[in-house]
Amino acid sequence: MAAVQAHHRLFLASTCAGQQRRRLRPSRIAAPCRAAVSGGVRTAQSPSSSSSGSGSPSSLRLNLDWVDPRVVAVPTSSPGAQVEVEKLRAIAEAAADRAEMHDIIGRQRDNWNHLLLHSNNSLALAASVMAALAPAAPTVVALKASAGVLLASAAVTMAAVNKIQPSQLAEEQRNATRLWRQLERDVRVTLALAAPVTRADVHDAMDRVLALDAAYPLPLLPGMLDKFPKTVEPTRWWPKKKQQQQRAPVNKSNSFGSSSRRRGARGNGWTPELEEEMRGILRVIKAKDEHQYITVGKMVLGLNKGLAVAGPALAGTAAVAAAFIGSGEAGAWASGAAVLGGALAAAANTVEHGGQLGMVFELLRNCAGFYRKMQEEIEANLGEADVERREDGEVLETKVALQLGRSTSELKQFRRLASPSFKDDDVKDFAGKLF
């Protein structure tokens, strides 16, 4: 009996505890729920509940009358902005297509250089061997005719190859491929940015497309670049900066003038020290780097021009001499002249196209263009009096350091070169370390 009573008491205690826990559970949840609802949505309480001060969930009602659906705006792009985006996408696709075309044509023209080099050398050397064997051979007429035909063919093909310079054509296409891919990346980055695409972005991209088309044309004839120009100029593959017709008034507080030229003054990343640093770099690039590539380019061009004339001339002379082989006393001299002319023509062709002098000349012009582009970027920033309208000074310094193959701390040594008392002849070091 006592055991039954004890069991009954234990069952009643557990039942009361469970009911108490179920009554407490809503009170623990109600507080954070009321806080969350009252923080984001207005709530209203009934008069009875407000007077009693009870916080039960049944006393809370959501009041959504204050929500104005006209205030909630879905971010949409305007039709004009969408058109500009589509234009940039078309430019990116065109740039990718151009890069692929230049890459294919570049490989093709590089094959031209190798095939035509070996073909012309084979023609000239085979003709020289025939001209040497012709005087002592019973079939002298056949040998001298064969030698003459081969030498004449070598002279014509050498002249044609020297005119188009396949190695230079291949270098043009390689550089064009790199620049077209760079343009495509820049356009893709512009499209990926959160900032809206403007008409100015489309115009800038189109200007770069037209400048690249003019600098590296695809067709061979007509439209091919002059391989032997009268004056050597850096290659230009970027558009010229358009001068603004109306300039905004300069904020003198943002410019480094005589009144505000103090040490440590900053504006858009620019300081007086950074301006002196950029002026020094600009002076060194003009006096040393670009000048060096233009000078060496003129030397390579002169050598290439001489070999381009000598090869076909020697082969043509050898072809004429081959016609007199076996003609009395002059036959021996004619044979020797044909052999010597053919061998010298093959040597000249090997030096010119085996050494790829056309490619070297184009490479030098591209390097000079690289430094010319850097000059114009620095001059454009220094020419803007209002520092707030310039490119960020620290960003420009980092870009210049990367392009020159130097660290930003190394650029500080160029500050002293900005002084007018420092002469160009006193500049000994080059600005660039990469090439």
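Student: Which residues line the second largest pocket?

Tutor: This is a predicted model, in which local features need a pLDDT of at least 70 and side-chain atom pairs count only at pLDDT 80 or more, while totals for chains, interfaces and linings use all residues. Residues are numbered from 1 along each chain as its sequence is written, and side-chain values use heavy atoms, with hydrogens and water left out. A pocket is an open set of points on a 1 Å grid over the protein atoms alone, with protein on both sides within 12 Å along at least five of seven lines, and lining residues have an atom within 4 Å of a point. For the second largest pocket, which holds about 160 Å³ of space, the lining is Ala215, Leu225, Asp226, Pro229, Thr231, Glu233, Pro234, Thr235, Arg236 and Arg365.

Student: Which helix gives the most residues to the lining of the largest pocket?

Tutor: The largest pocket has a volume of about 1900 Å³, where a volume is the space filled by probe spheres set on grid points joined across faces, edges and corners. Its lining has 45 residues, and Trp238, Pro239, Lys241, Lys373 and Glu377 lie nearest the centre. Helices are DSSP runs (H or I, at least four residues) numbered from the N terminus, and those giving two or more residues to this lining are H5 (166-192), H6 (199-215), H9 (357-382) and H10 (393-404). With 11 residues, the one that gives the most is H9.

Student: How many residues in the lining of the largest pocket are charged?

Tutor: Asp, Glu, Lys and Arg count as charged, Ala, Val, Leu, Ile, Met, Phe, Trp, Tyr, Cys and Pro as nonpolar, and the others, Gly among them, as polar. The lining of the largest pocket has 15 nonpolar and nine polar residues, and the number of charged ones is 21.

Student: What is the volume of the largest cavity?

Tutor: A cavity is a set of grid points where a 1.4 Å probe fits but cannot get out, and the structure holds one of 30 Å³ or more. Among the residues that line the largest cavity are Arg109, Glu172, Pro217 and Met224, and the lining divides into six nonpolar, one polar and two charged residues. The volume of this largest cavity is about 30 Å³.

Student: Are H3 and H4 roughly parallel or roughly antiparallel to each other?

Tutor: H3 (residues 79-133) and H4 (residues 140-164) pack with their axes 8 Å apart and at an angle of about 155 degrees. Axes are lines fitted to C-alpha atoms over the stretch in contact, and angles run from 0 to 180 degrees between N-to-C directions. Angles under 35 degrees count as roughly parallel, over 145 as roughly antiparallel, 65 to 115 as roughly perpendicular and the rest as oblique. The two helices H3 and H4 are therefore roughly antiparallel.

Student: How many residues of the contact of H3 with H4 are nonpolar?

Tutor: Contact means heavy atoms within 4.5 Å, and residues including Trp112, Leu116 and Met130 in H3 meet residues including Leu143, Leu150 and Ile164 in H4. The contact has four polar and no charged residues, and the nonpolar ones number 17.
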